[in-house]
Amino acid sequence: MRLALAEAGHAAAGGDVPVGAVVLAADGTVLATGRNEREATGDPTAHAEVLALRGAAARTGEWRLTGCTLVVTLEPCTMCAGALVQARVDRVVYGARDEKAGAAGSLWDLVRDRRLNHRPEVVPGVLEDECSDGLTRFFRDRPPVARGHADSP
């Protein structure tokens, strides 16, 4: 999670919502990291989790990331939860809960939906205070955004 927090810091420094992610192999080897890059790239899918999953797939040469763990500073949204299910990630570890958009137990529980063919283990709340503090600082210190255009984490 500390590596994911470092990635989140890089995202914030670039003006993106501070979310960082890491994909670990079954033996604990770091396969890839990612951080939010929506503002930097203009890509609405450039969430930390998606970028980390893409990097891990490129490194392993496989889209199936069976045996891998995704570590992320913020509970995945529906897009990211769907991506990690599709990638067959075995475990997702997250820090801060996302009551507005979380899809790993807070608002929705997409990753453990019995109707899906793959259900990763979910480990919530790892370094939760540290992960939450970074997000709180980012949104507190940011200039106001016009109504209807606010980013959500």
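Author: Two strands are taken to pair if DSSP finds at least two bridges between them. Strands (E, at least two residues) and helices (H or I, at least four residues) are DSSP runs numbered from the N terminus. The model is predicted, so local features need pLDDT of at least 70 and side-chain atom pairs count only at pLDDT 80 or more, while totals for chains, interfaces and linings use all residues. Residues are numbered from 1 along each chain as its sequence is written, and side-chain values use heavy atoms, with hydrogens and water left out.

The sheet is open and has five strands, arranged in the order β2-β1-β3-β4-β5 with mixed pairing. Its edges are β2 (30-35) and β5 (121-123), each of which pairs on one side only. From one strand to the next, the twist averages 15 degrees; axes are lines fitted to C-alpha atoms, for helices over the stretch in contact, and angles run from 0 to 180 degrees between N-to-C directions. Strand β1 (residues 20-24) runs antiparallel to β2 and is joined to it by five bridges. Within this pairing, alanine 21 has glycine 34 of β2 as its bridge partner.

Helix α5 (residues 128-141) packs on the sheet and touches β3 (69-74) and β4 (91-96), its direction making about 60 degrees with that of β4. Contact here means heavy atoms within 4.5 Å. Leucine 127, in the loop between β5 and α5, has a positive phi of about 50 degrees although it is not a glycine. Arginine 88, in the loop between α4 and β4, likewise has a positive phi, of about 65 degrees, and is not a glycine. In general, most residues other than glycine have a negative phi.

Because arginine 2 lies in helix α1 (residues 2-13) and glutamate 130 in α5, the pair ties together parts that are 128 residues apart in sequence. The structure holds seven salt bridges, each defined as a side-chain nitrogen of Lys or Arg within 4 Å of a carboxyl oxygen of Asp or Glu.

Another packing pair is formed by helix α3 (residues 48-60) and helix α4 (residues 78-86), which pack at an angle of about 20 degrees with their axes 9 Å apart. The contact is made by Glu49, Val50 and Leu53 of α3 with Met79, Cys80, Ala83 and Leu84 of α4.
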